[in-house]
Amino acid sequence: MDNDVSAGNVTTAVAGRLALALTLLAFGLGTTGVIHGVGASDTVTVAHYVGGVTLFLVGLLALHDGAAASGAGYVTLGALWFAWAVSDRGPANAAGLFLLLFALVALTLTLTGRDTLGRLLYGLLFLSMLVLAVAAFAGSSVLARAGGWVAVASGAVAWYAATAALAHWPTAVSRRAAGRGVTATG
């Protein structure tokens, strides 16, 4: 198995992914309503400080270290989480538009990702924000819960990616294990 940690300073990559993991797990679990008495609005402090401020600062450090892709991603995600935390989110269509813009940033990060876990993390974030945007436009609590679960999955991938980098666990499946090096006979 390969151990393809994203380019740039491993410290900023790990700190960014841990901050994103905590934010997505809190936000996702709050959105699902799975924990009695905890809703998405209860995650504002985590979104503000961990998702907003921490990701923004980690992004600036990554940019300073020359990691343009992860730096730009963390700065942008930090700004979006900060804006979400301090805004009143207004009417449902305004919230839907905000989530749709968030999804577009996640799509860009997915398409430009260099490592497998990063692409999976941002792909799930994109899907989550897209489903949450549609839920806001449609006023659907069922879709909102589904989007929350996808955010939880994205947070779990971010947590694994950060932990794997620190613990030197594998972060990519080798080509042979993925079936690319195996040929069929018959």
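Trainee: In what order do the elements of the protein run from the N terminus on?

Mentor: They go α-α-α-α-α-α. Keep in mind that this is a predicted model. The count is six helices and zero strands.

Trainee: How do you know that helix 5 has the span expected for its number of residues?

Mentor: Helix 5 covers residues 116–138, which is 23 residues.

Trainee: Which other residue has a positive phi although it is not a glycine?

Mentor: That's His168, at about 60°. His168 lies in the segment after helix 6.

Trainee: What makes His168 buried or exposed?

Mentor: Its relative accessible area is 62%. Exposed means over 50%, so His168 is exposed.

Trainee: What makes Arg17 and Asp115 a salt bridge?

Mentor: Their closest N and O atoms are 3.0 Å apart. The cut-off is within 4 Å for a side-chain nitrogen of Lys or Arg and a carboxyl oxygen of Asp or Glu, so the pair qualifies. The structure holds one salt bridge.

Trainee: Where in the chain do the two partners sit?

Mentor: Arg17 is in helix 1, while Asp115 is in the loop between helix 4 and helix 5. They are 98 residues apart, so the pair links distant parts of the chain.

Trainee: And are they buried or exposed?

Mentor: Arg17 comes in at 8% relative accessibility, and Asp115 has a relative accessible area of 5%. Buried means under 20%. So Arg17 counts as buried, and so does Asp115. Across the protein, buried residues make up 41% of the 186 residues.

Trainee: Which residues have the most contacts inside the largest nonpolar core?

Mentor: Leu20, Leu77, Trp81, Tyr122 and Met129, in a core of 35 residues. Helices 1, 2, 3, 4, 5 and 6 each supply at least two residues of this core. Helix 5 gives the largest share, with nine residues.

Trainee: What does Leu77 touch, leaving aside residues up to four places away in sequence?

Mentor: Leu77 touches Leu20, Gly51, Leu55, Phe102, Val105, Leu109, Tyr122 and Leu125. For the protein overall, take the contacts with a separation of 6 or more: residues 24 or more positions apart account for 69% of them.

Trainee: Now the surface. Which residues make the nonpolar patch?

Mentor: Tyr49, Val53, Phe56, Leu57, Leu60, Leu63, Phe82 and Val86 make a patch of about 690 Å². Helix 2 (44–64) and helix 3 (68–86) each supply at least two of the patch residues. Helix 2 brings the largest share, six residues.

Trainee: Why is Leu60 called partly exposed?

Mentor: Leu60 is found in helix 2, and its relative accessibility is 40%. Partly exposed is the range between buried, under 20%, and exposed, over 50%, so Leu60 lands in that class. Patch residues need over 30% relative accessible area, so at 40% Leu60 passes that test too.

Trainee: How much accessible surface does the protein have, and what part belongs to carbon and sulfur atoms?

Mentor: It comes to about 9200 Å², and 68% of that belongs to carbon and sulfur atoms.

Technical notes
Residues numbered from 1 in each chain as written. Predicted model: local features only at pLDDT ≥ 70, side-chain atom pairs only at ≥ 80, totals over all residues. Heavy atoms only, no water. Helix = DSSP H or I, 4+ residues; strand = E, 2+ residues; numbered from the N terminus. Expected span 1.5 Å × (residues − 1). Patch = residues over 30% accessible without salt bridge, like charges linked within 9 Å, V, L, I, M, F, W, Y side chains within 5 Å. Areas by Shrake-Rupley, 256 points an atom, 1.4 Å probe, with all protein chains shown as cover. Buried < 20%, exposed > 50% of the residue type's maximum accessible area, 1.4 Å probe, protein only. Core = buried A, V, L, I, M, F, W, Y, C linked by side-chain atoms within 4.5 Å. Contact = heavy atoms within 4.5 Å.
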